[in-house]
Amino acid sequence: MDSAHREEVAQRVLALSGADETEVMVWNERSELTRFTHNSVHQNVAESDVSIKVRAIIGKRTGVATTNLMDESGLRALVDRAVEMANLAPEDPELPPLPAGGPTQTPEGAYVKDTGNASPHLRAQMCDAIFKTAEEHDYWCAGFASTSEAGVTIVNSNGARASFDGTDAAVNVKMNASDSSGYAEGFNNDVNRVDARAIGRTAAQKARDSAHPRTVEPGEWTVILEPAAFGELFTYVSSHFSAQSFDEGSSFLSDGLDKKYLGDNVTITDDYAHPLAPGMPFDFEGQPTQRLALIEDGIAKNIVTDSYWAHKLGRSNTGHALPAPNAYGPQAMHLVVAPGSKPTNELIAETQRGLLITRFWYIRTVDQKKAIVTGMTRDGTFLIENGALAGGVRNMRFNHSIIEALRSCEFANALHRTGSYAYSVVVPAAKIQGFKFSSGTDF
């Protein structure tokens with residue numbers, strides 16, 4: 001479904017509503033995933049759907065309903081259900097009017113036709129390139145190749161009109177040897193820029209170089225986190241930039257803006273138009289998304305808002321709404337950490353004794369406001385001695401504050417997009433002093 005068709009459906013649904021205010025979102029998505037294990041594809045799935053969501057506001061009451069029935073009776077039933085729910089809902093005295101939106105511009109590279117048209121055969125070829133690398137090393141591999149396209153159109157009775165189409169592609173590989181493993185990944189809006197063969201070779205090299213891992217003692221270590229590891233760690237502070245978290249006291253920024261919280265070298269932005277991750281230029285209320293400096297030279301500069309939290313806190317609407325209803329408030333969805341000046345190999349060369357960490361696994365929050373988390377290293381953890389890699393080490397569990405880490409860190413000079421099913425960030429590798437490991441493992 002193209003944007004013109006979505007807009008026609010949205011306007012038709014809007015015309016059916018007799019609510020005081022109405023918002024209509026039309027979302028179409030096609031996602032395809034090819035999974036593999038033991039050097040063989042074992043699952044190929046594809047999902048395609050169109051959904052329509054209506055938010056009806058009557059006075060200070062709100063009702064939300066969703067359907068994927070596109071016929072006239074289905075659309076009428078959808079609007080009637082949203083209105084009925086609004087009539088039954090409790091009043092919210094803080095409820096503001098729906099935003100009026102404004103002009104937006106889709107960033108270059110957000111939609112790539114080849115990704116949207118990617119076939120199962122193309123993904124199978126990507127997997128086959130990885131299998132050949134695994135077989136050359138007598139390893140077995142597991143992971144996935146995925147492609148997707150999605151489009152969203154949002155209109156409301158106060159004049160907001162916004163449409164966006166985007167694509168995405170990803171490869172995720174774990175190479176397994178007899179006593180070691182290696183991980184590598186790739187993400188891009190353009191499937192042609194996801195080099196599955198190179199990703200597979202990186203994973204295989206990590207498995208080879210971490211073979212026969214030794215045990216090292218837990219405690220405080222200097223660590224160099226590759227982008228996959230740092231990105232997964234960093235995403236656990238993304239909610240701290242929400243106006244809701246800020247106001248409710250669960251954010252490390254809740255003590256106030258224009259204060260220094262992190263190191264002088266830490267600058268964090270929210271940038272939907274970053275060339276490594278171009279995305280939607282408006283939020284799920286159709287409000288243009290602002291490109292914001294959240295942390296600048298360690299100093300808190302901004303939080304993100306939607307119409308509700310902008311009204312409640314008396315701030316401007318930065319265009320960071322999630323689909324209504326939600327319990328999370330506005331969210332920074334396009335986080336970028338500014339790079340440093342040295343390549344990763346120089347950060348390693350300057351480290352007398354430390355650990356190089358490929359990725360983390362199973363991170364969980366210990367203390368929300370202090371951003372203390374726990375998790376495990378996985379799939380390529382290396383000892384650094386005298387500025388050089390000295391072989392693999394067994395995995396360890398860490399307990400550390402991300403805020404503390406961002407007060408004593410140094411960043412590499414190259415940015416990478418990393419992510420998972422629930423997040424996408426653009427980050428460099430990071431060298432962190434005094435990273436706390438609590439225990440070791442036997443693998």
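Trainee: Why is Glu-404 called partly exposed in this structure?

Mentor: In this predicted model, Glu-404 has a relative accessibility of 35%, and since buried means under 20% and exposed means over 50%, the value falls in between, so Glu-404 counts as partly exposed.

Trainee: What makes the meeting of Glu-404 and Lys-436 a salt bridge?

Mentor: The side chains of Glu-404 and Lys-436 come to 2.5 Å, N to O, and the limit for a lysine nitrogen and a glutamate carboxyl oxygen is 4 Å, so the pair qualifies. Lys-436, with a relative accessible area of 28%, is partly exposed.

Trainee: Which residue does Lys-342 form a salt bridge with, and how do you know that it is one?

Mentor: The partner of Lys-342 is Glu-410, and their closest N and O atoms are 3.1 Å apart, a value to be set against the cut-off of 4 Å. Lys-342 sits in the loop between strand S11 (335-337) and helix H9 (344-349), while Glu-410 belongs to strand S16 (residues 409-411), so the pair links parts that are 68 residues apart in sequence. Glu-410 has a relative accessible area of 25%, and is therefore partly exposed.

Trainee: Why are Arg-12 and Glu-8 said to be separated by about one helical turn?

Mentor: Arg-12 and Glu-8 are four residues apart in helix H1, which means about one helical turn between them. An α-helix has 3.6 residues a turn, so residues three or four places apart point the same way. The closest N and O atoms of Arg-12 and Glu-8 are 3.0 Å apart, and the two form a salt bridge. Arg-12 is partly exposed at 27% relative accessible area, and Glu-8 is partly exposed at 39%.

Trainee: How many salt bridges are found in the whole structure?

Mentor: The search finds 24 salt bridges, and there is also a network of them that links Arg-30, Glu-32, Arg-123 and Glu-149.

Trainee: What makes the approach of Glu-149 to Tyr-111 a polar contact?

Mentor: The side chains of Glu-149 and Tyr-111 are joined at 2.8 Å, and the distance limit for a polar contact is 3.5 Å. Glu-149 is found in strand S4, and, leaving aside neighbours within four places in sequence, the residues in contact with Glu-149 include Asn-28, Arg-30, Tyr-111 and Thr-167.

Trainee: Why is Ser-180 called buried?

Mentor: Ser-180 has a relative accessible area of 10%, and buried means under 20%, so Ser-180 is buried. Ser-180 lies in the loop between strand S5 (161-176) and strand S6 (181-188), and the side chain of Ser-180 reaches the backbone oxygen of Ala-207 at 2.6 Å. Apart from neighbours within four places in sequence, Ser-180 is in contact with Met-175, Ala-207, Ser-210 and Ala-211.

Trainee: How do you know that the reach of helix H2 is close to what is expected?

Mentor: Helix H2 (residues 72-88) has 17 residues and reaches 25 Å from its first C-alpha to its last, against the 24 Å expected at 1.5 Å a residue. The buried residues of H2, among them Leu-75, Leu-78 and Val-83, pack against helix H1 (3-16), strand S2 (40-58) and strand S3 (61-67).

Trainee: What makes up the interface between domain 1 and domain 2?

Mentor: The domain assignment gives domain 1 (3-198) and domain 2 (213-443), and 42 residues of domain 1 are in contact with 35 residues of domain 2. Between them the two domains bury about 2,900 Å², with 60% of it on carbon and sulfur atoms. On the side of domain 1, Glu-94, Tyr-183 and Phe-187 lose the most area to domain 2, together 19% of what that side buries.

Trainee: How many salt bridges and polar pairs are counted between domain 1 and domain 2?

Mentor: The count is three salt bridges between domain 1 and domain 2, and across their interface 12 residue pairs are in polar contact. The largest share of the side of domain 1 that touches domain 2 comes from S6, with six residues.

Notes: Residues are numbered from 1 along each chain as its sequence is written. This is a predicted model: local features need pLDDT of at least 70, side-chain atom pairs count only at pLDDT 80 or more; totals for chains, interfaces and linings use all residues. Side-chain values use heavy atoms; hydrogens and water are left out. Helices (H or I, at least four residues) and strands (E, at least two) are DSSP runs, numbered from the N terminus. The expected span of a helix is 1.5 Å times one less than its number of residues. Buried means under 20% relative accessible area, exposed over 50%, partly exposed in between (1.4 Å probe, protein chains only). Contact means heavy atoms within 4.5 Å. A polar contact is a pair of N or O atoms within 3.5 Å; within protein, one must be able to donate a hydrogen and the other to accept it, and residues adjacent in sequence count only if both atoms are side-chain atoms. Domain bounds come from an automatic or database domain assignment. Buried area is the accessible area (1.4 Å probe) that two parts lose on being put together, summed over both.
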